[in-house]
Amino acid sequence: MNGNAIKGYDLEDTIAARATAPLPAAIGVIRISGPRALAVVNEIFVPSRKKDLTRARSFTLHHGWIVRDSAGEGLPDPDRIIDEAVVSVMRAPRTYTTEDMVEISCHGGTVVLESVMERVCRQGVRVARPGEFTYRAFMHGRLTLVQAESVAELIEASTEAGAGHAVRQLQQRHPALLESLRAKIMELYSATQAAVNFPEEDIHFSLEKVREGIEQVRSRIGALREASRRARTWKEGVYCVICGKTNAGKSTLFNRFLREDRVIVSNLPGTTRDVIQDTVALDGIPFRVVDTAGLVDRRDAVTSAAVEKSREAWSNADIVLAVCDASAALDRHDKEILRECAARPKAVAVLNKCDLPRVVSAEEIKTIVDIPVIELSALEGEGMRTLEQILIRYAGLSPGQDTIFLSQFQRQVLEGMEQKCADAEEYLAQGHPIDVVDLVFRECVDELAKLTGEVMSEEVLSSIFSRFCVGK
Ligand SMILES: Nc1nc2c(ncn2[C@@H]2O[C@H](COP(=O)(O)OP(=O)(O)OP(=O)(O)O)[C@@H](O)[C@H]2O)c(=O)[nH]1
Ligand SMILES: [Mg+2]
């Protein structure tokens, strides 16, 4: 069994939850898991064919009725019926939780589902807590922590690419990236252990090898962190913020990205008074594009609030687009915005309105900031493809790359391990005895167990599974 149990998530209980959304729908599903799952449903379900559910074979479907009082045989009196249903029987251990499970598929009305849930719970079944089914799958070793994480990501995915990466992760019990890190750490640890425990024996041990090993561990940690960053970007989209002075054409550019008239465009400065975002896929890569309010001198309360929000969006951006109007001379606001944007890791200057007589050239912008300049007309669409290509390049994503969804906890563990490696390198450089380095590796081995979910505190488990919805 994996980890320490979470309080309130007792594994002995039989649990039930609505697995479908609480909305009127064609079908609603209630799932039940635990030792009494079959017996409980047997009590409240009248099968249309004479049959004892507790003896039903695994992976069989049974038609019948959920009834208000204890079940009998044959077509029940209509007054007794809560709903007509199909019941699926899945027997341990080949189920999602590895326990006996039953799913009741009835009509998707909210009242119907509540009545069925109430009926189930009256048989001594506990309402499942968030993520409790997946938690059981994890505790019983059917899913690893990394797989459990991918389940949450799959459910939350809002893009096809994000879902694709999550489902791929779900298929791997031990992702190669994690395994290669584990192998390297174990190799290093056993080398230092041997040196510590059998110092007098002639063991081939070289400090140079240890140094190399640490370097390899660091690069594998780096690869994991990169893969995790990519997974999040596939899921959430590249955060791309459009900024610039009022009337520069930010909203026109935003609409152009989305290929629709999503926001209001006008020749009055200060049209956009809020931060507006939408997602668009460019060559299959999701971008969260953000339109912001233009920077202005005027300082009424609403404008100030809008400018504040715009600035906040900029500061979180993966990529910023500084939009300038090519048909009007650059003023101090333009220059200020250009400089601020150029200070960000990934910025592009967009010289807009190039369909009008030109006042500003790309060269002029280049004298102010050293970032790529794209000349375009958001109004007519000229130059958009060049801009999009730069964004795609900046996103740094391509479909074949490794990805891995890690929880915030796992990401912190990785950071901690990276620090430990740096410490070990430092100790070696300072000529400390190998025992000291060995201790650091011992800690790395412990951290590894946290990363893979072999050793988990209740607090961490709870933070991971409480993120799930009830019924998953
Ligand atoms: N000729 C031409 N006009 C443009 C272009 N892009 C935008 N405009 C015009 O410029 C004016 C301002 O455009 P918006 O997109 O509203 O500008 P904005 O930067 O969002 O302005 P605020 O929201 O007020 O900060 C509108 O009249 C647009 O039609 C362009 O490429 N060429
Ligand atoms: Mg606007």
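The buried residues of helix α5 pack against α4 (145-156) and α7 (207-236), where contact requires C-beta atoms, placed from the backbone, to lie within 7 Å. This is a predicted model, in which local features need pLDDT of at least 70 and side-chain atom pairs count only at pLDDT 80 or more, while totals for chains, interfaces and linings use all residues. Residues are numbered from 1 along each chain as its sequence is written, with chains lettered from A and ligands numbered from 1 in the order of writing. Helices (H or I, at least four residues) and strands (E, at least two) are DSSP runs, numbered from the N terminus.

In α5 (residues 160-170), the buried residues are Gly162, His165, Ala166 and Gln169; buried means that 20 or more other C-beta atoms lie within 10 Å of the residue's own. These residues are on the same side of α5 because they cover an arc of only 100° around the axis, taken from the directions from the helix axis to the C-beta atoms.

Turning to the strands, seven of them form an open sheet of mixed pairing, in the order β3-β4-β5-β6-β2-β1-β7; two strands pair if DSSP finds at least two bridges between them. β3 (45-47) and β7 (126-127) stand at the edges with a single partner strand each, so one side of each has no neighbour in the sheet.

Strand β6 (residues 101-108) runs antiparallel to β5 (residues 81-90), joined by five bridges. Serine 88 has glutamate 103 of β6 as its bridge partner, and valine 89 stands opposite valine 102 in β6. β2 and β6 also pair in the antiparallel sense, over eight bridges, and here isoleucine 32 has valine 102 of β6 as its bridge partner.

How values were computed
A residue is buried if 20 or more other C-beta atoms lie within 10 Å of its own, exposed if 12 or fewer, and partly exposed in between; C-beta atoms are placed from the backbone. Two residues are in contact if their C-beta atoms, placed from the backbone, lie within 7 Å.
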